Amino acid sequence: MTGTEQRIVDYAAEYMIKNGYPPTVRDITAGLGFKSTSTVFEKLVKMRQEGIINYIDGSPRTLTVPGCCYVRFNPDGEEDRDDGK
């Protein structure tokens with residue numbers, strides 16, 4: 001994994017733990033100081049091909065990092081865990 005890929009994984013994991021949901025490409029771009037969302041998207045595509053992360057095409061906030069677990073609450077206020085699977 002390259003240094004940039006590690007920064008993206010670390011940022012995504014911290015973001016998910018802090019916010020309870022995954023970051024968007026724009027969130028990652030702004031959070032890491034990149035100038036272009038296309039640069040971040042290209043990195044994410046490569047990282048998914050290598051099995052470093054996963055996401056659902058065309059759906060925002062579906063990024064998962066294997067081994068990263070975060071907690072979010074559903075509209076009823078009940079805890080809903082996502083373990084990155």
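How many aromatic pairs does the structure hold, and how are their rings arranged?

Analyst: In this predicted model, the structure holds two aromatic pairs. The rings of Y11 and Y15 have their centres 6.0 Å apart and their planes at 40 degrees, so this pair is tilted: an angle under 30 degrees would count as stacked and one over 60 as edge-to-face. In the other pair, the ring centres of Y15 and Y21 also lie 6.0 Å apart, but the planes stand at 75 degrees, so the arrangement is edge-to-face. Together, Y11, Y15 and Y21 form one aromatic cluster.

With 17 residues, α1 reaches 24 Å from its first C-alpha to its last, close to the 24 Å expected at 1.5 Å a residue. After α1 comes G20, which has a positive phi, near 85 degrees.

As for burial, Y11 and Y15 are both buried, and the buried residues of α1 also include I8, V9, A12 and M16. Y15 has a relative accessible area of 14%, which means that it counts as buried, since the cut-off is under 20%. Y21, by contrast, has a relative accessibility of 34% and therefore counts as partly exposed.

A separate contact with a ring involves R48, whose charged end sits over the ring of Y55, 4.1 Å from the ring centre.

Key. Residues numbered from 1 in each chain as written. Predicted model: local features only at pLDDT ≥ 70, side-chain atom pairs only at ≥ 80, totals over all residues. Heavy atoms only, no water. Phe/Tyr/Trp six-rings, centres within 6.5 Å; stacked < 30°, edge-to-face > 60°. Buried < 20%, exposed > 50% of the residue type's maximum accessible area, 1.4 Å probe, protein only. Lys NZ or Arg CZ within 6 Å of the ring centre and 35° of its normal. Helix = DSSP H or I, 4+ residues; strand = E, 2+ residues; numbered from the N terminus. Expected span 1.5 Å × (residues − 1).
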